[in-house]
Amino acid sequence: MNVKMVELSDESLVEVAKKGNVDAFTELARRYQEKVYYTIFGFTKNHTDADDLAQETFMFAYKALKGFKQKSSFYTWIYRIAVNLALNHLKKMKREKGREELRENLSLLEDSCASSFSPERHPLKRELQDRLEKAIDSLPLPYKSAISLVALQGMTHGQAAQVLGCSENTVSWRMHKARKMLQAQLKPYFKEVKNEL
Amino acid sequence: MTRLALGLLSLSILFLLASPVRALQNRERVRENISTLRLLRMTQALDLTEEQTAKVYPVYNRIEKDKIEIQRRIGSELDELRTLLNDEASKGAEIETRIKNLMELRNALKAKDDEFEKFLESNLTLVQRAKYVLFSIDFYRGLGEKLNRARMIRERAKRDF
Amino acid sequence: MSCNKFQKWLSDVLDREITEKRQQLLQEHLVKCADCRAYKASIERIQLESKSLEKPKLSPEYWQMFNSRLKTKLLSIEPEECKSKPFLLRWKWTWTAAGSILIAAVGLYFLFFQPKATPETYAFSYEDALSQIYQEIGNNSELENSFNQLILVSIQEALQGNLPQNFSDDPYFWESLTEEDLKFLESEIKKESNL
């Protein structure tokens, strides 16, 4: 790793990268690749697609870098590209269905990454998580985007608004409506889990 | 050439105009936004309960996704038709097949709307179903009004420019 | 103030996007309202469960590989790929569109040489209503964008709860319906009540 690049701010790295310095851009990518990946994963629920789209996000950003005027932070800009690519992907492809596929992809990952699954859960809690995933997935895209960025990625309303290209107030209302919808769908399962545990 | 074939020819040419991927994506984006607005307004107009919302939303979204897919297939069929019409060697039977496919897809699109309305029938009260009828008139008229307003905005922008 | 408003604030609390004053008012309300307390518990539970939804746990080695793969791809990009398209190529589709508009106009004349259907005619078919909208927009991307903006504004209003007044309460609404609309509504409602 180029020590000098690590010391530079995002703004400086962008300026250096604009001149064609690949090392500068890969340092920027290194800083945000995990967040970009997990943001996209929140939409695709599929490791292969998330990996591809994350790579595509950075490739797209690199090619478009000359036009990036740094009016927003690099972080916001790259997130916006990632979210747009993920949304376009969802619109194009039929959704990968089911947690079975997720498990399959994850078990393939285990071989290559020596990672481990989260510990066994109570079966009813597991069902609740299945339901929650399906419920989030069934939300209309504007609500799903908001939930993914704010609740799952931990962005503020302001940050999410910049990424999604809408007002902070809109993000705030989308979060409220999304939670109402999720709560309505999941109410029966809360009662079951409460009774069992 | 029949009126229908002329009409389809026009449609195919219109799709030629829209064939750049970006234009198609724009069209889909507008459709999705209209779909979102319709769902939101419907929820409010019909005064859906939370339980009804939890049932209706996933079905509505699934049906809208299916319709987008059908629209895409219509787009492909129109592209094929355009290619056939441009090719002097193409046969009448092939063109007729494409026209038949297009009509079937168009019926499939309408069938999706029927599917949703049938679903509503079994999940709404009588009063809500009546409200749905009234809501539909108002919503579609509202779309027309928005389009007129957008036209006025464009005209004003051109004048001011 | 309605519970809906307080429930919206409960959502803001979870995102740490609430003022102190609202927080205080919210606490006062929660003391009195069992429904809102129950709602609070539900959405807190959802928030908690969302945090522990399964995500792939990827090793540092994976991320190093990810970065290396990216670097390899970036190095293989020709500098020219980063430049913008040649001027004429950018205008390619505009020329295509301009030429096609002429042909489209002729075809459209034959298809639409009849009185345009009013919106009311398509009132009971969503796809037909959309189809009419798209036909009117045609290939006018500026009109399409303006129209889309208006739709987005309406979505925002709907999300913020700024509803159009319940149209059926508006006395002028009934006056604006044609005879045909009223008869259709009457028959539909009669059919429903006979089921």
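Mentor: Happy to! Let's look at helix H8 (residues 141-152) of chain A and helix H9 (residues 157-164) of chain A, which pack with their axes 9 Å apart at an angle of about 135°. Please keep in mind that this is a predicted model. Angles over 145 degrees would count as roughly antiparallel, so H8(A) and H9(A) are oblique to each other. As for handedness, H8(A) passes H9(A) in a right-handed crossing. On the H8(A) side, the contact is made by A:Ser145, A:Ala146, A:Leu149 and A:Val150; H9(A) brings A:His157, A:Ala160, A:Val163 and A:Leu164 to it.

Now for the surroundings. The largest nonpolar core has 91 residues, and among those with the most contacts inside it are A:Ala146, A:Val150 and A:Ala160. A:Ile147, A:Ile40 and A:Ile78 are also in that group. Helix H3 (residues 22-44) of chain A gives the most to this core, with 10 residues. Leaving aside residues up to four places away in sequence, A:Ile40 touches A:Ala50, A:Leu53, A:Ala54, A:Ala82 and A:Ala86. In soluble globular proteins, nonpolar side chains tend to be buried together.

Over residues 1-20 of chain B, pLDDT stays under 50. Where pLDDT is low, the predicted coordinates should not be read in detail.

Note on methods:
Residues numbered from 1 in each chain as written. Chains lettered and ligands numbered in written order. Predicted model: local features only at pLDDT ≥ 70, side-chain atom pairs only at ≥ 80, totals over all residues. pLDDT = per-residue confidence, 0-100. Contact = placed C-beta atoms within 7 Å. Core = buried A, V, L, I, M, F, W, Y, C linked by C-beta atoms within 7 Å. Buried ≥ 20, exposed ≤ 12 C-beta atoms within 10 Å, placed from the backbone. Helix = DSSP H or I, 4+ residues; strand = E, 2+ residues; numbered from the N terminus. Axes fitted to C-alpha atoms, helices over the stretch in contact; angles between N-to-C directions. Parallel < 35°, antiparallel > 145°, perpendicular 65-115°, else oblique. Left-handed = near helix turned anticlockwise from the far one by under 90°.
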